[in-house]
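Good morning, and thank you for coming. Today I shall speak about pairs of charged side chains. Please turn to the structure on the screen.

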Amino acid sequence: MSVSYDDSVGVEVSSDSFWEVGNYKRTVKRIDDGHRLCSDLMNCLHERARIEKAYAQQLTEWARRWRQLVDKGPQYGTVEKAWVAVMSEAEKVSELHLEVKASLMNEDFEKIKNWQKEAFHKQMMGGFKETKEAEDGFRKAQKPWAKKLKEVEAAKKAYHAACKEEKLAVSRETNSKVDPSLNPEQLKKLQDKVEKCKQDVLKTKEKYEKALKELSQGTPQYMESMEQVFEQCQQFEEKRLRFFREVLLEVQKHLDLSNVASYKNIYHDLEQSIKAADAVEDLRWFRANHGPGMSMNWPQFEEWSADLNRTLSRREKKKPADGVTLTGINQTGDQALQSKPSSVSSYEKTQSYPTDWSDDESNNPFSSTDANGDSNPFDEDATSGTEVRVRALYDYEGQEHDELSFKAGDELTKIEDEDEQGWCKGRLDNGQVGLYPANYVEAIQ
């Protein structure tokens with residue numbers, strides 16, 4: 001044993017060896033640590049699962065918002081499709097991360113939880129059965145040897161004390177030989193004291209050596225018993241370490257999306273969508289639909305007709321000007337109306353432009369079918385009907401001062417039915433009246 005006596009300080013100095021009395025407690029504590037580590041690993045995976053879920057939600061929200069912005073924006077053609085494909089990628093990746101979250105919680109987390117429950121058995125008085133068994137095993141193996149060690153320590157202490165006493169007696173006797181004041185009887189007593197101390201040293205030394213010999217003889221049995229209990233603890237810990245390795249490999253498989261076929265397909269599809277963008281094709285489309293490639297009905301001479309003195313179209317009548325409702329106005333030639341697009345694009349990319357245009361087209365308020373005399377053009381719209389509560393399906397930002405703005409889920413009142421251009425007149429709960437796209441709302445059942 002690494003136990004010595006330091007005469008200068010008078011205290012014992014012990015090593016940190018496993019074989020020291022009580023140092024087996026670190027091995028016992030490892031069992032409790034194993035249970036705690038299972039809980040720590042579960043908490044670790046739980047946090048990662050929450051991160052995966054939050055990331056998936058952020059991807060979905062990002063994709064939804066930007067899909068709407070791109071749809072409303074001025075981008076068109078194949079490049080628009082390529083841009084939208086990036087949002088589709090985010091939505092698909094979001095689904096995969098939700099699957100990762102589900103795997104971490106439903107498989108890995110539950111697997112650790114079940115193994116922990118099977119490996120560690122709680123006692124009624126607290127602690128775990130496995131910890132108590134290890135503690136009892138080490139204590140039983142160490143008890144005989146610890147008893148002999150205690151005897152060795154006591155014998156050593158007695159021997160060291162006798163040696164100190166002998167040294168002091170010899171010093172006194174030496175000093176007395178040069179002291180003339182001491183009589184022969186006093187000198188004799190000092191000599192007897194020295195002799196007695198020497199005998200005590202021999203006796204305590206013999207007892208110390210005997211105790212140490214007995215301790216040494218019992219050490220092999222002590223080591224063997226301790227090894228047996230320690231090996232049992234090692235086997236228990238080996239099961240935990242191997243289980244952790246197995247679980248972490250499963251976690252790695254669930255986190256590694258690079259080996260998921262659908263994940264690879266997402267980026268293959270994205271690459272193909274982006275490569276399909278064709279600038280030449282988009283320019284050709286724009287030229288045909290918004291540029292010089294559009295057809296045109298050039299102005300031609302037209303005879304005057306009495307039918308020209310007619311009312312405005314429903315669209316003009318529905319559109320308030322400075323808060324005044326128009327009921328009958330003599331139309332002038334340069335007051336032709338533009339169609340409202342069915343989408344909310346600031347660029348009006350989904351607006352359909354007519355291939356032919358002339359003053360007698362539907363956009364011309366003077367060419368109303370009412371000119372046949374079947375109805376009074378100055379009467380209010382008879383199809384306005386009763387007011388109906390509707391709910392917004394999508395966000396809409398009014399592009400002009402007479403249009404309403406609302407968010408998806410908002411409720412408002414429809415006060416006039418849809419016109420031929422797809423617009424309704426409505427009133428917000430705050431009293432504001434204006435126009436909105438009919439296909440952006442649904443009737444509340």
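Let us begin with Glu411, which is partly exposed at a relative accessible area of 34%. Here, buried means under 20% relative accessible area, exposed means over 50%, and partly exposed lies in between, with a 1.4 Å probe and protein chains only. The model is predicted: local features need pLDDT of at least 70, side-chain atom pairs count only at pLDDT 80 or more, and totals for chains, interfaces and linings use all residues. Residues are numbered from 1 along each chain as its sequence is written, and side-chain values use heavy atoms, leaving out hydrogens and water.

What does Glu411 meet in a salt bridge? Its partner is Arg391, at 3.5 Å from N to O. A salt bridge is a side-chain nitrogen of Lys or Arg within 4 Å of a carboxyl oxygen of Asp or Glu. This pair links distant parts of the chain, with Arg391 in strand β3 and Glu411 in strand β4, 20 residues apart. Helices (H or I, at least four residues) and strands (E, at least two) are DSSP runs, numbered from the N terminus.

The structure holds 23 salt bridges. Another one joins Lys25 and Glu135 at 3.1 Å. Lys25 lies in helix α1 and Glu135 in helix α3, so the pair ties together parts 110 residues apart in sequence. Is Glu135 buried or exposed? At 14% relative accessibility, Glu135 counts as buried, whereas Lys25, at 45%, is partly exposed. Both belong to a network of salt bridges that also includes Lys132, Asp136 and Arg139.
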